[in-house]
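Please have a look at it before I go on.

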Amino acid sequence: MALIVVVVMAACGGGAIGRPSSDTSEAPVAPGSSPRPGQPGFDLPSIKGLNYGVPYTAGGNWLGTRWLRSGSGSDGWVAARPRLQADLDFIVAHHLGQVQRVFIGLDQLMVWNSSTGFVRFDDAALRNLDQAFDMFDSHQLKVIAVVFDQEEVSSPGNFHFQALDGRHPGMRANYLKAVEQFFGRFGSRPTVAGWDLFNEAYNSLGTEGGLRKPPGEDPVSPNYPTRTVHAWIKDLYQAAKRAAPRAWFTVSDTTELYWKDRPDTARYDDAVDFYDVHVYDDNPSPKDWQRNLHKPYLLGEVGGDIKHGFKDQSVNSRVVSYWLSHARALGIKAVLAHAAEGAVYSLRSGTLTPTGRVVEAAE
């Protein structure tokens, strides 16, 4: 199944990152275990929302994995901030849900060394992320924040494939160092209801997405074996949990948990606190998730088939309506309509699409 995400990645390194999280003094929970006593529940303010992605420029140009960058000729945040403000104003005014899935792309916050990877975080980029979170707070919106993704290798700030090829152990280790430092600062931020450590990891790093190896036209994948991907997401989870034991973490999925008759959780059980399932299906059908998924779950990306119904508003609106109307009965925490390509609204015309009207009307 084709990957469909608005990307956000950059470069990496290791060094101090600023104010510590209040969570760092607490003992981490065991990977994959139930939340420990005292961990807040996985509660979301609305059952509806958007897979927002990243802000564009005010003129509608794609910024991708440089939207939080500043300085050195990179004016991503200067260009992104007015559009983010306008988007959030529109989302609130049209009641499009209080849960927004946003791609951070940890790499774009980093200073990078071509041999060893992460050197340190860029202070200006971190301040920009703080400002972005402040904007969500001021609109009383909660975020599902995506930490890593890598579909668009043509955009600066993407995850570096070679960190997992077995020949760059220092680069891999420094990524994990960066994760611990990042969550030491942001892991207790109440803006974020949940963190997606890697968007569709088995698709974008492994073979399940059927993507070509680089170099080539995006999206591409290094096609690593399942054991390599699993080892990576488990290590990501452990590093993040050490720094922020009370935070909620996941790795999103688009093949194992929906398209199989019985959801296959084995690849995630020791690497997530909740499930983020992505469903692009012109003819959706209910799944027995309440019996087979023993952790909270949401639908972080929802729409018609990306090659067919997603581009047809009569189909896409029906699909989104289906999941929103069945969410509570199926135990789904939230349904986030995929908002790329103007599928939900247009700022230029100030109007909602049929899909947007479905989201607006949902309780």
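Let me begin with the crossing of H2 and H3, which is right-handed, and let me say at once that what you are looking at is a predicted model. The contact between these two helices is made by Leu-126, Leu-129, Asp-130 and Phe-133 on the side of H2, and by Phe-182, Arg-185 and Phe-186 on the side of H3. If we sort the residues of this contact by class, five are nonpolar, none is polar and two are charged.

For H2, which covers residues 123-138, and H3, which covers residues 169-186, the angle is about 40° and the axes are 12 Å apart. The two helices, H2 and H3, are therefore oblique to each other.

How do H1 and H2 pack, in angle and in the distance between their axes? Here the angle is about 10°, and the axes of H1 and H2 are 10 Å apart, which makes H1 roughly parallel to H2. From H1, the residues Trp-77, Arg-81, Leu-84, Gln-85 and Leu-88 meet Asn-128, Gln-131, Ala-132, Met-135 and Phe-136 of H2. By class, the contact of H1 with H2 holds six nonpolar residues, three polar ones and one charged one.

The next pair to look at is H3 with H5, whose axes come within 8 Å and cross at roughly 35°; H3 passes H5 in a right-handed crossing. On the H3 side, the contact is made by Arg-172, Tyr-175, Leu-176, Val-179, Glu-180, Phe-183 and Gly-184, while H5 brings Ala-231, Trp-232, Asp-235, Leu-236, Ala-239, Ala-240, Arg-242 and Ala-243. These residues of the contact of H3 with H5 divide into 10 nonpolar, one polar and four charged.

Where in the chain does Pro-215 lie? Pro-215 is in the loop between helix H4, residues 201-204, and helix H5, residues 226-243, and the peptide bond that joins Pro-214 to Pro-215 is cis, with omega about 0°. The loop between H4 and H5 also holds Pro-219, and the peptide bond from Asp-218 to Pro-219 is cis as well, with an omega near -5°. Elsewhere, in the loop between H2 and strand S5, residues 142-148, we find Gln-140, which has a positive phi of about 55° although it is not a glycine.

Finally, I come to the spaces in the model. The largest pocket contains about 390 Å³ of space, and of the 17 residues that line this pocket, the closest to its centre are Tyr-56, Arg-83, Asp-87, Gly-342 and Tyr-345. Helix H1, residues 76-93, and strand S11, residues 345-346, each supply at least two residues of the lining. Sorted by class, the lining of the largest pocket has nine nonpolar, four polar and four charged residues.

How many cavities of 30 Å³ or more does a search of the whole structure find? The search finds one, and the largest cavity holds about 30 Å³ of space. Among the residues that line the largest cavity are Glu-200, Ala-201, Tyr-202, Asn-203 and Glu-208, together with Ser-252, Asp-253 and Tyr-268. By class, the lining of the largest cavity has three nonpolar, four polar and three charged residues. That is where I will stop, and I am glad to go back to any part of it.

Methods
Residues are numbered from 1 along each chain as its sequence is written. This is a predicted model: local features need pLDDT of at least 70, side-chain atom pairs count only at pLDDT 80 or more; totals for chains, interfaces and linings use all residues. Side-chain values use heavy atoms; hydrogens and water are left out. Axes are lines fitted to C-alpha atoms, for helices over the stretch in contact, and angles run from 0 to 180 degrees between N-to-C directions. Helices (H or I, at least four residues) and strands (E, at least two) are DSSP runs, numbered from the N terminus. Angles under 35 degrees count as roughly parallel, over 145 as roughly antiparallel, 65 to 115 as roughly perpendicular and the rest as oblique. A crossing is left-handed if the near helix is turned anticlockwise from the far one by less than a right angle, and right-handed if clockwise. Contact means heavy atoms within 4.5 Å. Ala, Val, Leu, Ile, Met, Phe, Trp, Tyr, Cys and Pro count as nonpolar, Asp, Glu, Lys and Arg as charged, and the others, Gly among them, as polar. On a 1 Å grid over the protein atoms alone, a cavity is a set of points where a 1.4 Å probe fits but cannot get out, and a pocket is an open set with protein on both sides within 12 Å along at least five of seven lines; lining residues have an atom within 4 Å of a point. Grid points are joined across faces, edges and corners, and a volume is the space filled by probe spheres set on the points.
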